[in-house]
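This briefing is meant to be read beside the sequence and the coordinates.

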Amino acid sequence: MTSSTTPGLARFNAAPESAATAALHEACASSAWGSKLLSQRPFPTVEALFAASDAAMAELTDEDLAEAMAGHPPIGRPKPGDPTSSREQRGMAGASEELKAEMLELNLAYQEKFGHVFLICATGATGEQMRDAVKTRIGNTAEQEREIVRTELGKINRIRLTRLVEEDKD
């Protein structure tokens with residue numbers, strides 16, 4: 001996508017504030033992130049939307065990050081009836097029962113240490129890659145992990161925003 005505008009972006013730019021707010025909340029549960037993007041509409045290009053998303057992500061406080069993470073289910077347990085979390089966690093769908101059990105254990109240990117779900121941009125990752133990531137990251141400090149989470153959330157937001165502006169609803 002180079003300097004692109006899409007029918008989906010035009011639709012998002014023209015959407016009533018309530019609909020745009022709901023769409024942004026589906027992409028990221030942080031109300032601060034959503035408010036920052038909402039206040040910058042209309043976006044001339046998809047790239048401008050991404051840049052605004054990245055800038056808003058960089059400014060999130062610890063509380064804002066916690067709010068954003070609360071919108072993500074644990075890896076290996078997508079929200080029932082939520083096609084987005086199921087699609088993003090597809091790499092765990094075919095995992096062995098042993099790997100699923102190990103991920104559950106690792107998720108709980110991670111949550112115990114950091115006080116929030118293990119968050120990773122799971123799109124395209126295998127169950128083994130996600131397991132290896134949590135095993136590595138559980139050794140991080142809270143500060144290191146917060147910055148990794150910010151980066152991972154930024155990647156997830158871009159993927160979700162891409163879906164939002166590329167969806168063909170006509």
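The points below are grouped by topic.

The structure is a predicted model. Its mean pLDDT is 89, and 92% of the residues score at least 70. A count of salt bridges gives 10, and a count of cavities of 30 Å³ or more gives 1.

**Confidence**

- Where pLDDT is low, predicted coordinates should not be read in detail.

- The buried residues in α3 include Ala32, Trp33, Gly34, Leu37 and Leu38.
- The partners against which the buried residues of α3 pack are α2 (17-27), α4 (46-59), α5 and α10.
- Phe43 sits in the loop between α3 and α4.
- With a relative accessible area of 5%, Phe43 falls under the 20% limit and therefore counts as buried.
- Beyond its neighbours within four places in sequence, Phe43 contacts Leu9, Phe12, Asn13, Leu37, Ala48, Leu49 and Ala52.
- One of these contacts, Leu9, is 34 residues from Phe43 in sequence, with a C-alpha to C-alpha distance of 7.7 Å.

**Salt bridges: Glu102 and Arg131**

- Glu102 and Arg131 form a salt bridge in which the closest N and O atoms are 3.6 Å apart.
- Glu102 belongs to helix α8 (residues 97-114) and Arg131 to helix α9, so this pair ties together parts 29 residues apart in sequence.
- Glu102 is partly exposed, at 24% relative accessible area, whereas Arg131 is buried at 18%.
- The pair is part of a network of salt bridges that links Glu102, Arg131, Asp132 and Lys135.

- Arg137 is placed in helix α9 (residues 127-137).
- The relative accessible area of Arg137 is 7%, so this residue counts as buried.
- Arg137 pairs with Glu145 in a salt bridge, with 2.4 Å between the closest N and O atoms.
- Both partners, Arg137 and Glu145, are buried.
- Apart from neighbours within four places in sequence, the contacts of Arg137 are Tyr110, Phe114, Phe118, Leu119, Ile120, Glu145, Ile148, Val149 and Glu152.
- Glu152, among the contacts of Arg137, has its own salt bridge to Lys155, at 3.0 Å from N to O.
- Lys155 and Glu152 both lie in helix α10 and are 3 residues apart, about one turn of the helix.
- An α-helix has 3.6 residues a turn, so residues three or four places apart point the same way.
- Glu152 is buried, with 9% relative accessible area, while Lys155 is partly exposed at 40%.

**The largest cavity**

- The volume of the largest cavity is about 120 Å³.
- Its lining consists of 14 residues, and those nearest the centre of the cavity are His72, Ile75, Glu88, Gln89 and Ile120.
- By class, the lining of the largest cavity has 8 nonpolar, 4 polar and 2 charged residues.
- Ile120, one of the residues nearest the centre of the largest cavity, is also in contact with Arg137.

**The second largest pocket**

- The second largest pocket holds about 150 Å³ of space.
- Its lining is made up of Asp62, Leu65, Ala66, Met69, Lys113, Phe114, His116, Ala142, Arg146 and Val149.
- At least two lining residues come from each of α5 (62-70), α8 and α10.
- The largest share of this lining, 4 residues, is from α5.
- The lining of the second largest pocket divides into 6 nonpolar, 1 polar and 3 charged residues.
- Phe114 and Val149 line this pocket, and both are also among the contacts of Arg137.

Note on methods:
Residues are numbered from 1 along each chain as its sequence is written. This is a predicted model: local features need pLDDT of at least 70, side-chain atom pairs count only at pLDDT 80 or more; totals for chains, interfaces and linings use all residues. Side-chain values use heavy atoms; hydrogens and water are left out. On a 1 Å grid over the protein atoms alone, a cavity is a set of points where a 1.4 Å probe fits but cannot get out, and a pocket is an open set with protein on both sides within 12 Å along at least five of seven lines; lining residues have an atom within 4 Å of a point. Grid points are joined across faces, edges and corners, and a volume is the space filled by probe spheres set on the points. Ala, Val, Leu, Ile, Met, Phe, Trp, Tyr, Cys and Pro count as nonpolar, Asp, Glu, Lys and Arg as charged, and the others, Gly among them, as polar. Buried means under 20% relative accessible area, exposed over 50%, partly exposed in between (1.4 Å probe, protein chains only). Contact means heavy atoms within 4.5 Å. A salt bridge is a side-chain nitrogen of Lys or Arg within 4 Å of a carboxyl oxygen of Asp or Glu. pLDDT is the predictor's confidence in each residue, from 0 to 100.
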